[in-house]
Amino acid sequence: DHMRPRRLADIVVNLWLLLLTLSDYAAANPKKTAATPTHPVRDMEFLEKLQTFLLDHLHEKISAEQIARHLGISRTCLFQRFNSIMGIGLHKYLQKTRMQQACRLICTTDLTLSQIADKIGYSSVFSFSRAFKRAYRKTPSAYRKASKG
């Protein structure tokens with residue numbers, strides 16, 4: 001059974017975002033590291049399924065209960081398993097995923113900031129801009145201008 005090219009591209013993007021998050025976290029927290037995975041294949045499958053769910057639902061308000069239900073585990077198990085694999089909290093990871101998607105959309109589309117905010121789950125362009133500036137020390141407009149060079 002062959003994977004459709006679109007599905008394969010989604011997996012590649014998901015893994016790339018996951019690696020970016022891990023490298024950012026490791027650089028920012030050199031003394032804190034995630035635990036050595038006891039089941040690397042199962043952990044990668046868990047993370048890939050989680051990342052796919054997050055990207056598919058990024059435009060929505062996502063609850064831990066929804067994620068846990070989708071993964072077929074309890075909310076507590078979700079938090080514990082995610083933290084043991086990644087070494088960061090799920091909420092922080094979700095924010096980082098939203099910001100990475102925002103960067104991608106800012107650089108690769110002509111969507112308005114309001115449209116981007118909506119696509120990544122912010123109720124207003126103001127709250128999106130504030131979160132973006134907190135994460136990147138630049139406004140989304142300045143980031144777009146710099147990316148267009």
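Which residues of α7 are buried? In this predicted model, they are Ser127, Phe128, Ala131 and Phe132. The report begins with the overall fold and then returns to this helix.

## Overall architecture

The protein contains eight helices and zero strands. Along the sequence, the elements follow the pattern α-α-α-α-α-α-α-α.

Of the 149 residues, 34% count as buried. Among contacts between residues at least 6 apart in sequence, 61% join residues at least 24 apart.

## Helix α2

Helix α2 covers residues 40-56 and has 17 residues. From its first C-alpha to its last, α2 reaches 24 Å, close to the 24 Å expected at 1.5 Å a residue.

The buried residues of α2 are Asp43, Phe46, Leu47, Glu48, Leu50, Gln51, Thr52, Phe53 and Leu54. The list includes Asp43 and Glu48, which count as charged by class.

## Packing of α3 against α4

Two packed helices are described by the angle between their axes and the distance between the axes. Helix α3 (residues 64-71) and helix α4 (residues 75-86) pack at an angle of about 90°, and their axes are 8 Å apart. The angle makes α3 roughly perpendicular to α4, because values from 65 to 115 degrees count as roughly perpendicular.

On the α3 side, the contact is formed by Ala64, Glu65, Ile67, Ala68 and Leu71, which meet Arg75, Leu78 and Phe79 in α4. By class, this contact of α3 with α4 has six nonpolar, no polar and two charged residues.

## Helix α6

Lys119 is placed in helix α6 and is partly exposed, with a relative accessible area of 44%. When neighbours within four places in sequence are left aside, Lys119 is in contact with Leu58, His59, Leu105 and Leu111. The C-alpha atoms of Lys119 and Arg98 are separated by 9.2 Å, although the two residues lie 21 residues apart along the chain.

Gln115 lies in helix α6 too. Its relative accessible area is 39%, and Gln115 is therefore partly exposed. Gln115 and Val125 are ten residues apart in sequence, and their C-alpha atoms are 8.4 Å apart in space.

## Helix α7: length and faces

Helix α7 covers residues 125-136. At 1.5 Å a residue, its twelve residues should span 16 Å, and its end C-alpha atoms are 16 Å apart, which agrees.

The buried residues of α7 are, as stated at the outset, Ser127, Phe128, Ala131 and Phe132. Seen down the axis of α7, the buried residues fall within an arc of 130°, so they line one face of the helix. The cover over these buried residues includes α5 (90-108), α6 (113-119) and α8. The face turned away from the buried side of α7 carries the exposed residues Phe126 and Arg134.

Most residues other than glycine have a negative phi. Arg137 has a positive value in a residue other than glycine.

Arg137 is located in the loop between α7 (125-136) and α8 (140-148). Its relative accessible area is 74%, and Arg137 is therefore exposed, the cut-off being over 50%.

How values were computed:
Residues numbered from 1 in each chain as written. Predicted model: local features only at pLDDT ≥ 70, side-chain atom pairs only at ≥ 80, totals over all residues. Heavy atoms only, no water. Helix = DSSP H or I, 4+ residues; strand = E, 2+ residues; numbered from the N terminus. Buried < 20%, exposed > 50% of the residue type's maximum accessible area, 1.4 Å probe, protein only. Axes fitted to C-alpha atoms, helices over the stretch in contact; angles between N-to-C directions. Parallel < 35°, antiparallel > 145°, perpendicular 65-115°, else oblique. Contact = heavy atoms within 4.5 Å. Expected span 1.5 Å × (residues − 1). Arc of directions from axis to C-beta.
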